[in-house]
Amino acid sequence: VQLQASGGGLVPPGGSLRLSCAASGGTFSRLYMAWFRQGPWKQREFVAAISGSGRTTKYAHSVQGRFTISRDNAKNTVNLQMDSLKAEDTAVYYCAARLNTPDAYTTYYESGNYDDWGQGTMVTVSS
């Protein structure tokens, strides 16, 4: 599966940004999708995940209530709506995909379990 992330940019604290990830080369509804991020001098960390049907979503504590993950299986896209952005949200954001197996619902936060990755899109939160 090929993934193409877009939507990054510079936004002031408290602002909003919407990331998108377009998938090709697979049956999108069979993929468990996630967003990870890697900030300056930090390890890659889990941000949010969504099941193939879209009925199950998971969030990191640091973004709960501020970020919303969604998907459109007709358009093969997954989105990340980011509101109330903070300086500590500054990072390169990556979308990732794995098969929507039962395992995915319990190990969604582990980057090593994802098979395909997008190229990343930079988000900078600064005044």
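This report describes strands, a disulfide and selected residues of a predicted model.

## Basis of the description

The model is predicted: local features need pLDDT of at least 70, side-chain atom pairs count only at pLDDT 80 or more, and totals for chains, interfaces and linings use all residues. Residues are numbered from 1 along each chain as its sequence is written, and side-chain values use heavy atoms, with hydrogens and water left out.

## The four-stranded sheet

An open sheet is formed by four strands in the order β1-β3-β8-β7, with antiparallel pairing. The edges are held by β1 (2-6) and β7 (67-72); each has a single partner strand, so one side of each is left without a neighbour in the sheet. From one strand to the next, the twist averages 15°. The axes behind this angle are lines fitted to C-alpha atoms, for helices over the stretch in contact, and angles run from 0 to 180 degrees between N-to-C directions. Strands (E, at least two residues) and helices (H or I, at least four residues) are DSSP runs, numbered from the N terminus. Two strands pair if DSSP finds at least two bridges between them.

The antiparallel strands β1 and β3 are joined by five bridges, and Q2 stands opposite S24 in β3. Six bridges connect β3 with β8, again in the antiparallel sense; here L19 has L80 as its bridge partner in β8. Between β7 and β8, which run antiparallel, there are six bridges, and R71 is partnered by V78 in β8.

Strand β3 covers residues 17-24, and its side chains alternate. Buried means under 20% relative accessible area, exposed over 50%, and partly exposed in between (1.4 Å probe, protein chains only). In a regular strand, side chains alternate between the two faces of the sheet.

C21 is joined to C95 by a disulfide, with an S to S distance of 2.1 Å. This link is right-handed, with 60° about the S-S bond. The pair links distant parts of the chain, since C21 lies in strand β3 and C95 in strand β9, 74 residues apart. A disulfide is a pair of cysteine sulfur atoms within 2.5 Å, and by this rule the count comes to one. C21 counts as buried because its relative accessibility is 1%; C95 is buried because its relative accessible area is 0%.

## Strand β11 and its partners

Strand β11 (residues 121-125) has a covered face made up of T121, V123 and V125, and an uncovered face with M122 and T124. Strand β2 (residues 9-11) runs parallel to β11 and is joined to it by three bridges; the bridge partner of G9 in β11 is V123. Strand β9 (residues 91-99) pairs with β11 in the antiparallel sense over three bridges, and Y93 has T121 as its bridge partner in β11.

S51 lies in the loop between β5 (45-50) and β6 (57-59). S51 counts as buried because its relative accessibility is 0%. A polar atom of its side chain lies 3.4 Å from the backbone nitrogen of R55. Not counting residues up to four places away in sequence, S51 touches L31, Y32, T56, R71, N100 and Y105. Contact means heavy atoms within 4.5 Å.

W117 belongs to strand β10 (residues 116-117) and counts as partly exposed, because its relative accessibility is 26%. Leaving aside neighbours within four places in sequence, W117 is in contact with L3, F36, R44, Y94, C95, A96 and S111. The C-alpha atoms of W117 and V47 are separated by 14 Å, the two residues being 70 apart along the chain.

## Two loop residues with positive phi

W41 has a positive phi of about 60° although it is not a glycine. W41 is located in the loop between β4 (31-38) and β5, and is exposed because its relative accessible area is 88%.

S84, also not a glycine, has a positive phi of about 50°. S84 is placed in the loop between β8 (77-82) and β9, and counts as partly exposed because its relative accessibility is 42%.

Technical notes: Polar contact = N/O pair within 3.5 Å; in protein donor to acceptor, adjacent residues only side chain to side chain.
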